[in-house]
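Please examine the sequence and the structure shown here before reading the briefing.

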Amino acid sequence: MGAAEKKLWRVVEVIEWGNDYLSRFGIQNPRLNMELLLGDVIGKKRLDLYLDFDRVLSADELARLKGCVRRRAQHEPVQYIIGNTQFYGLEFELTRDCLIPRPETECLVEIILGQLRPLPVVPLAIADIGCGPGTIAVTLAKELPDAHLLASDISAAALMVARRNAQKNGVSERITFFEGDLFSALPAGAVFDLIVSNPPYIRSGEFATLPREVREYEPTLALAAGDPAGLSFYRRIMEAAPARMKSGGLLAFEVGDDRQAADVEKLFEKTAMFSKITRFPDYNQIGRVVIG
């Protein structure tokens, strides 16, 4: 796109150029990436681009797009470049202070909703421990209109994003955010029907093997457990959780794989405080959620 000042670039040509360019840098799904970047720059939804293939981009739009494509070629995630992502049908703001939500976490939310909706408890009291940009807390608040949530995170920057996401999605009046380490941030005496956490669970020996998009751009604080088994946060949460739970309450975790799921099940059993310990698979049939 070096001759952008002389040539008139139409949407269809820009997409093809970006697809080829990003392919050369090893970007997976380059066409999809280009469509997302272009849609953000010109203010159109991705699918609407195909209804406006002959639209000519302005010089300003081309310059902005070129900068975005260069960032993506350096493997910076699209979500950080455009500053938002979709999760469970909702839109969430994202910054590099926040972990990018994955489809596996949608699976966690879906399973939790399946567990909670049949319960006669109204209103539900829920805690999200390590809430990041508020993805889980906001989605649960949206799906459970009678629920009230407390959400904590050690990152002040992530909490700022979480508060904006709660406001954006119309649930800020039912979520209270607290800054601090796990349960220490929450009010003394608060007890819950559900405690949910997607804690840092990457094993210490695995961090270097993560995709470049993850290890170079996403916050290490939200990823790395700091121990060889990746269990340190599960252990700490499980030790403190019983004192924070109502009788019959649920403790739900996202985990990294089947091996880690088995380890977390053993932690549940060791506490002797939980029953009905269940492992649920994700969409790829990998053990991803453990609930007690």
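The points below concern a helix pair, a pocket and a glutamate.

This is a predicted model, in which local features need pLDDT of at least 70, side-chain atom pairs count only at pLDDT 80 or more, and totals for chains, interfaces and linings use all residues. Residues are numbered from 1 along each chain as its sequence is written, and side-chain values use heavy atoms, with hydrogens and water left out.

**Helix pair**
- Helix α5 (residues 103-116) packs against helix α6 (residues 135-143) at an angle of about 35°, and their axes are 11 Å apart.
- In this contact (heavy atoms within 4.5 Å), α5 contributes T105, L108, V109, I112 and L113, while α6 contributes I136, T139, L140 and E143.
- By class, six nonpolar, two polar and one charged residues form the contact of α5 with α6.

**Second largest pocket**
- A pocket is an open set of points on a 1 Å grid over the protein atoms alone, where a 1.4 Å probe fits, with protein on both sides within 12 Å along at least five of seven lines; lining residues have an atom within 4 Å of a point.
- The second largest pocket has a volume of about 470 Å³.
- Its lining comprises 19 residues, and S247, G248, G249, L250 and G292 lie nearest the centre.
- Strand β7 (245-254) and strand β8 (278-281) each give two or more residues to this lining, and β7 gives the most, with six residues.

**Residue E76**
- E76 lies in the loop between α3 (59-73) and α4 (78-82).
- E76 is buried, with a relative accessible area of 8%, where buried means under 20%.
- Not counting residues up to four places away in sequence, E76 touches R71, I81, R96 and Y217.

Terms used
Grid points are joined across faces, edges and corners, and a volume is the space filled by probe spheres set on the points. Helices (H or I, at least four residues) and strands (E, at least two) are DSSP runs, numbered from the N terminus. Axes are lines fitted to C-alpha atoms, for helices over the stretch in contact, and angles run from 0 to 180 degrees between N-to-C directions. Ala, Val, Leu, Ile, Met, Phe, Trp, Tyr, Cys and Pro count as nonpolar, Asp, Glu, Lys and Arg as charged, and the others, Gly among them, as polar. Buried means under 20% relative accessible area, exposed over 50%, partly exposed in between (1.4 Å probe, protein chains only).
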